[in-house]
Amino acid sequence: MCGMTNGGEAVARLERRGVKPTANRVLVMEAILSAQRAVSLADIEAIIGTVDRSSVFRTLGLFVKSHLVHVIDDGSGSVKYEACDSRDDCSVSDMHTHFYCEVCHRTFCLKTIGVPVVSLPAGFVTHAINYIVKGVCDECSAAGRGDM
């Protein structure tokens, strides 16, 4: 559980959304928060290491339904999860650009870079925006692993 905090922020987030802060839920939320990037189910399992995959998966489903996290499809074949910044709801305003490194296969949140908002035809309603930039991250580039 390297890098994880005492769980206070995780508990507060769960309680704000009306989700009972069980031990497993707190562990999963804390893993997501401590990663400081979008994480997959496998990433979360590696961080906490003590909860079975099905429990983590069910918890993530509850978090998505409760608007605690949003899902990012970065095209890697493994969806990623990220905690919503908003205190009230995970909304389109929480959406930002993500960067997928084609070398180390990590997905980074670029929170300072918003996503383009498109005007939709009448009757269409936006619920989420998935904006992914793909390339080589700074660490892989500096290590010379970005030569493709």
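Me: Which residues is Val-56 in contact with, leaving aside its neighbours within four places in sequence?
Reply: This is a predicted model. In it, Val-56 is in contact with Val-28, Leu-41, Ile-44, Ile-48 and Val-51, once neighbours within four places in sequence are left aside.

Me: What about the largest nonpolar core, how many residues has it?
Reply: The largest nonpolar core has 22 residues. Val-56 is among those with the most contacts inside it, along with Val-28, Ile-32, Ile-44, Ile-48, Leu-60 and Phe-63.

Me: Which elements give two or more residues to this core?
Reply: They are α1 (8–16), α2 (23–35), α3 (41–48), α4 and β2 (80–83).

Me: And where does the largest share come from?
Reply: From α2, which gives 6 residues.

Me: What lies apart from that core?
Reply: Another core lies apart from it, of 5 residues, including Phe-99, Cys-101, Phe-108 and Cys-137.

Me: Cysteines, then. How many disulfides does a search of the whole structure find?
Reply: The search finds 0 disulfides. Cys-104, for one, is in no disulfide. The nearest cysteine sulfur to its own belongs to Cys-101 and is 3.6 Å away.

Me: Changing topic: which residues form a nonpolar patch on the surface?
Reply: Val-64, Val-71 and Val-79 do, with about 180 Å² of accessible area together.

Me: Where is Val-64?
Reply: Val-64 is in helix α4, which runs over residues 53–65. With a relative accessible area of 30%, Val-64 is partly exposed.

Note on methods:
Residues numbered from 1 in each chain as written. Predicted model: local features only at pLDDT ≥ 70, side-chain atom pairs only at ≥ 80, totals over all residues. Heavy atoms only, no water. Patch = residues over 30% accessible without salt bridge, like charges linked within 9 Å, V, L, I, M, F, W, Y side chains within 5 Å. Areas by Shrake-Rupley, 256 points an atom, 1.4 Å probe, with all protein chains shown as cover. Salt bridge = Lys/Arg side-chain N within 4 Å of Asp/Glu carboxyl O. Helix = DSSP H or I, 4+ residues; strand = E, 2+ residues; numbered from the N terminus. Buried < 20%, exposed > 50% of the residue type's maximum accessible area, 1.4 Å probe, protein only. Disulfide = S-S within 2.5 Å. Core = buried A, V, L, I, M, F, W, Y, C linked by side-chain atoms within 4.5 Å. Contact = heavy atoms within 4.5 Å.
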